[in-house]
Amino acid sequence: MKNILVTGGAGYIGSHTTVELLESGYNVICVDNFSNSSEKVFDVINDLTGKQCTWYNVDVCNIEELNKIVAAHDVNCAVHFAGYKAVGESVEFPLMYYQNNINSTLSLCEVCLKNNVRSIIFSSSATVYGPPQYLPLDEKHSLSATNPYGNCKLFIEQILKDVNVAHPALNIALLRYFNPVGAHGSYRLGERPKGIPNNLMPYICQTALGVRQELRIFGNDYDTIDGTGVRDFIHVVDLAKGHVAAIKKMEADPGCFVYNLGTGNGTSVLELVNTFMEVNGVDVPYVIASRRVGDIAACWANPEAAKEHLGWEAQYTIEDMVRDSWEAQKALGVCT
Ligand code: WQD
């Protein structure tokens, strides 16, 4: 498996994964419509790796164009990141989410089957577990979703499982990410949300930078170590390496697989904020606000399956994560 198609390759996780793939000796062909990213990312990727990533400004929903690309590059494996990803926006515009995220996946599946692509790796999320019945979350935990973003992840997982049943020659890996943070050690790639960030780490960074006045911590009355929400933050470079491990696994052992990609450690919002301030020597003014609708108290992974079957384990610490997020934020600036 040498030629890897990466959909959404200019995005936060897609760009970091493209770097890891190139550095592992794969040829990478990226497809992105740049709806939430910039083509300049590819100059950075090529510069960092000293390799050439081929890329196309194409929407994955455009089945004819996608088919031409996959056929022309003799793609062996597709890593599917492309999609809308804001929970709140998905509640406001559900049809836009279903239309884009589901159709792009259907289009990708059809093209992969037509061109005998051997594997699809899908960028899923811990959000598919719904409210945890127990912790840590393992892959056997029941599945549910509470918003259209989560529903898309859930439906896409099911679509891919069904495709594998009907077409067992097309291998599937569903990778369920916990909370990705951090940035490439060059600080030339990172997370650059447009406008006001929804997620915690970009909000912390922008507050430290002075772009936001104060961070609102959504709830301090949860049944957790300090009352604030607990999450499994994972460094994006660790996450990216998880994809390389999944590709290698499917080269050796075909099938349909599901793996959590998390560290196995829960960190509270307040712990993260305090660590950020300590490690980086900057102030992050914050206030305690009411709980955010739809949030769960705590969520962290059991990452044993990925460790056992992929030989993959997260390496970066919380200190690494806050340092790299902050350094990249300073270097890259804010996307308005
Ligand atoms: C983390 C914690 C908040 C912002 C979501 C999706 C998931 C994935 C990542 C997306 C919670 C608290 C946050 C703020 C805060 N998908 N918080 N103040 O909700 O765990 O996961 O994003 O791309 O699928 O569900 O991540 O970063 O939004 O929140 O106090 O300004 O930080 O309440 O406890 P979440 P998050």
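**The ligand shell and its surroundings**

The shell around the ligand is made up of eight nonpolar, six polar and five charged residues. In this scheme Ala, Val, Leu, Ile, Met, Phe, Trp, Tyr, Cys and Pro count as nonpolar, Asp, Glu, Lys and Arg as charged, and the others, Gly among them, as polar. What you see is a predicted model, in which local features need pLDDT of at least 70 and side-chain atom pairs count only at pLDDT 80 or more, while totals for chains, interfaces and linings use all residues. Residues are numbered from 1 along each chain as its sequence is written, and side-chain values use heavy atoms, with hydrogens and water left out.

Which residues are closest to the ligand? Of the 19 residues that surround the ligand, the closest are Asn-199, Leu-200, Arg-216, Arg-231 and Asp-295; a residue belongs here if one of its heavy atoms lies within 4 Å.

Let me turn to the polar atoms. The side chain of Asp-295 places a polar atom 2.5 Å from an oxygen atom of the ligand. For Arg-231, the distance from a polar side-chain atom to a ligand oxygen atom is 2.6 Å, and for an N or O atom in the side chain of Asn-179 it is 3.0 Å. The protein buries 87% of the 690 Å² that the ligand exposes when taken alone, with areas from the Shrake-Rupley method and a 1.4 Å probe.

The domain assignment of the chain gives domain 1 (3–182 + 233–264 + 305–316) and domain 2 (200–230 + 265–301 + 319–332); such bounds come from an automatic or database domain assignment. The centres of the two domains, taken over C-alpha atoms, are 26 Å apart. Their contact (heavy atoms within 4.5 Å) takes 17 residues from domain 1 and 15 residues from domain 2. Why does the ligand lie between the domains? Domain 1 and domain 2 both give residues to the shell, so the ligand lies between them.

Next, the elements of the shell. Helix H7 (200–209) and strand S8 (215–218) each supply at least two shell residues, and S8 gives the most, with four. Helices (H or I, at least four residues) and strands (E, at least two) are DSSP runs, numbered from the N terminus.

H7 is mostly covered, with seven of its 10 residues buried, among them Met-201, Ile-204 and Cys-205. Buried means under 20% relative accessible area, exposed over 50%, and partly exposed in between, with a 1.4 Å probe and protein chains only. The buried residues of H7 pack against strand S7 (179–181), S8, helix H9 (269–280) and helix H11 (318–332). Just after H7, Gly-210 takes a positive phi of about 95°.

Finally, two individual residues. His-243 sits in helix H8 (residues 236–252) and counts as buried because its relative accessibility is 0%. Its side chain makes a polar contact of 2.6 Å with that of Tyr-177; the term denotes a pair of N or O atoms within 3.5 Å, where, within protein, one must be able to donate a hydrogen and the other to accept it, and residues adjacent in sequence count only if both atoms are side-chain atoms. A polar atom of the His-243 side chain also lies 2.8 Å from the backbone oxygen of Leu-239.

Asn-171, in strand S6 (residues 171–177), is buried at 2% relative accessibility.
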